[in-house]
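Work through the exercises below with the sequence and the coordinates at hand. Each task is followed by a solution in steps.

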Amino acid sequence: MISGDPMDSLPRPEVAALYSPQRSGSWELTVTPLVFCPSYWGPARPIENMAALHRNGDVWMSLSPMEMESQAIGVAAARGHVAIMGLGMGWAAAECALDPDVDRITVIERDLDVIALHHKLALFDRLPGGCGKKVRIVAGDALEWRPDEPVDLLMPDIWLPLVSPDDRAAEVARMQANVDAAVIYFWGQEMEIARQAAARGLAIDDSGIAEVVAGWGLPLVGPATPNYAETTRAAAKAWMRDRWLPGTENPLA
């Protein structure tokens, strides 16, 4: 997969160890002693003491290999001011805060119960070296928020399904119209790239990916990463299943 796999050091043990069971409204944070989990682009693996965030029986986020790998490219690209849309478990914000190239992180979250859960968890307060002070949580709508200072990286992660039935890139474009970030990495972008390429009869290779991304007009980080096309195909083969656009045959079958 990706050369110099950013998953080699993620999640950092000092971050994973900070999660403990919590409840807030309809949200519950759990820690399971041992889980065997599939990955996003790599092999399945066992995970000890895996934290997960649930709401009404649905898992919204976890420290599973799939979640870590599907955000690792964005985390690795973090620098300067990072804006994260969707708080979730706060993992991406915590990882970014530990990076000395990151000066500040703004997290936009509209669910007040999620914010309250983090007040109890105090994840950012307990990060080593006081780096959690870089993190600011703002109650607001990801599609409406406008920054008061330039943003170097925008990381939208507001969706429950890995593959949305609608045009996820269009929602990211709405955010970017307000934020004007230097670069963007959105959750599930490999799935959306593969889905759109297949629908247009393009190969899921460097050329096809470049054509799809150029059509979106978004400054995406990822496509220039070594072996990105191979990574995208591997992730799509594992996770797209029957989620291709209607009328599209699975190009990876």
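**Exercise 1.** Locate Asp 180 in this predicted model and decide whether Asp 180 is buried or exposed.

Solution. Asp 180 sits in the loop between helix H5 (168-179) and strand S9 (183-184). The relative accessibility of Asp 180 is 61%. The cut-off for exposed is over 50%, so Asp 180 counts as exposed.

**Exercise 2.** Check the span of helix H2 (residues 65-76) against its number of residues, then describe how H2 is covered.

Solution. The expected span is 1.5 Å times one less than the number of residues. For the 12 residues of H2 this gives 16 Å. The end C-alpha atoms of H2 are 16 Å apart, so the two values agree. As for cover, 11 of the 12 residues of H2 are buried; among them are Pro 65, Met 66, Ile 73 and Val 75.

**Exercise 3.** Describe the surroundings of Arg 110.

Solution. Arg 110 is placed in the loop between strand S6 (102-109) and helix H4 (112-121). Its relative accessible area is 67%, so Arg 110 is exposed. Leaving aside residues up to four places away in sequence, Arg 110 touches Gly 140 and Asp 141. From Arg 110 to Gln 196 the C-alpha distance is 29 Å, with a sequence separation of 86 residues.

Definitions and conventions:
Residues numbered from 1 in each chain as written. Predicted model: local features only at pLDDT ≥ 70, side-chain atom pairs only at ≥ 80, totals over all residues. Heavy atoms only, no water. Helix = DSSP H or I, 4+ residues; strand = E, 2+ residues; numbered from the N terminus. Buried < 20%, exposed > 50% of the residue type's maximum accessible area, 1.4 Å probe, protein only. Contact = heavy atoms within 4.5 Å.
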